[in-house]
Amino acid sequence: MRVPTQENHGKNAEYPLYIIYSYAKGVKRMAKMTVITERCKGCGLCTAACPKKIVALQKEKRNKKGYFYAECTDQDACISCAMCATMCPDCAIVIEK
Ligand code: SF4
Ligand code: SF4
């Protein structure tokens, strides 16, 4: 079974099966909110959209394009509302329900 990664996101038809498999086997859940860092341009729209205020721009690490990318600072607090992903103009955020 192929495991979904940032690189193959959107091309993995087995993804729902992986989620079911994860629960059945007790595999640790993936992060609820994941930023595809190489797509992010650091615009900050997602940080303003999050109702839980748990999305922030990196202050030290940049992606290959030189942008300080966004990240979720508290996965446990994420409610998977997808407001951040909806706001992102570059489709750089993946939400797991
Ligand atoms: S899915 Fe909702 S709660 Fe989670 S990081 Fe995005 S905006 Fe915040
Ligand atoms: S809205 Fe998208 S491009 Fe802008 S900082 Fe957030 S993840 Fe990056």
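In which loop is Lys53 found?

Guide: Happy to show you. Please keep in mind that this is a predicted model. Lys53 is found in the loop between helix 2 and strand 2, and that strand covers 55-62. Look at its backbone: phi of Lys53 is near 55°, which is a positive value in a residue other than glycine. Is Lys53 buried or exposed? Lys53 has 11 C-beta neighbours inside 10 Å, so Lys53 counts as exposed.

Now step to either side of this loop. On one side is helix 2 (45-49), which, together with strand 3 (68-72), is listed among the elements that give two or more residues to the shell around ligand 2. There are 15 residues around ligand 2, and those that come nearest are Cys40, Cys43, Leu45, Cys46 and Cys88. By type, the shell around ligand 2 divides into 11 nonpolar residues, two polar and two charged.

Leaving aside residues up to four places away in sequence, Arg62 touches Tyr67 and Phe68.

Ala82 is not a glycine, yet it has a positive phi of about 70°. Ala82 is found in the loop between strand 3 and helix 3 (83-87). With 17 C-beta neighbours inside 10 Å, Ala82 counts as partly exposed. While you are in this stretch of the sequence, turn to ligand 1. Of the 15 residues around ligand 1, Cys50, Cys78, Cys81, Met83 and Cys84 come nearest. The shell around ligand 1 is made up of 13 nonpolar residues, one polar and one charged.

Finally, zoom out to the whole chain. Its secondary structure comes to three helices and four strands, and along the sequence they follow the pattern α-β-α-β-β-α-β. Of the 97 residues in the chain, 15% are buried. Among contacts between residues at least 6 apart in sequence, 59% join residues at least 24 apart.

Terms used: Residues are numbered from 1 along each chain as its sequence is written. Chains are lettered from A and ligands numbered from 1 in the order in which they are written. This is a predicted model: local features need pLDDT of at least 70, side-chain atom pairs count only at pLDDT 80 or more; totals for chains, interfaces and linings use all residues. A residue is near a molecule or strand if its C-beta atom, placed from the backbone, lies within 6 Å of it. Ala, Val, Leu, Ile, Met, Phe, Trp, Tyr, Cys and Pro count as nonpolar, Asp, Glu, Lys and Arg as charged, and the others, Gly among them, as polar. A residue is buried if 20 or more other C-beta atoms lie within 10 Å of its own, exposed if 12 or fewer, and partly exposed in between; C-beta atoms are placed from the backbone. Two residues are in contact if their C-beta atoms, placed from the backbone, lie within 7 Å.
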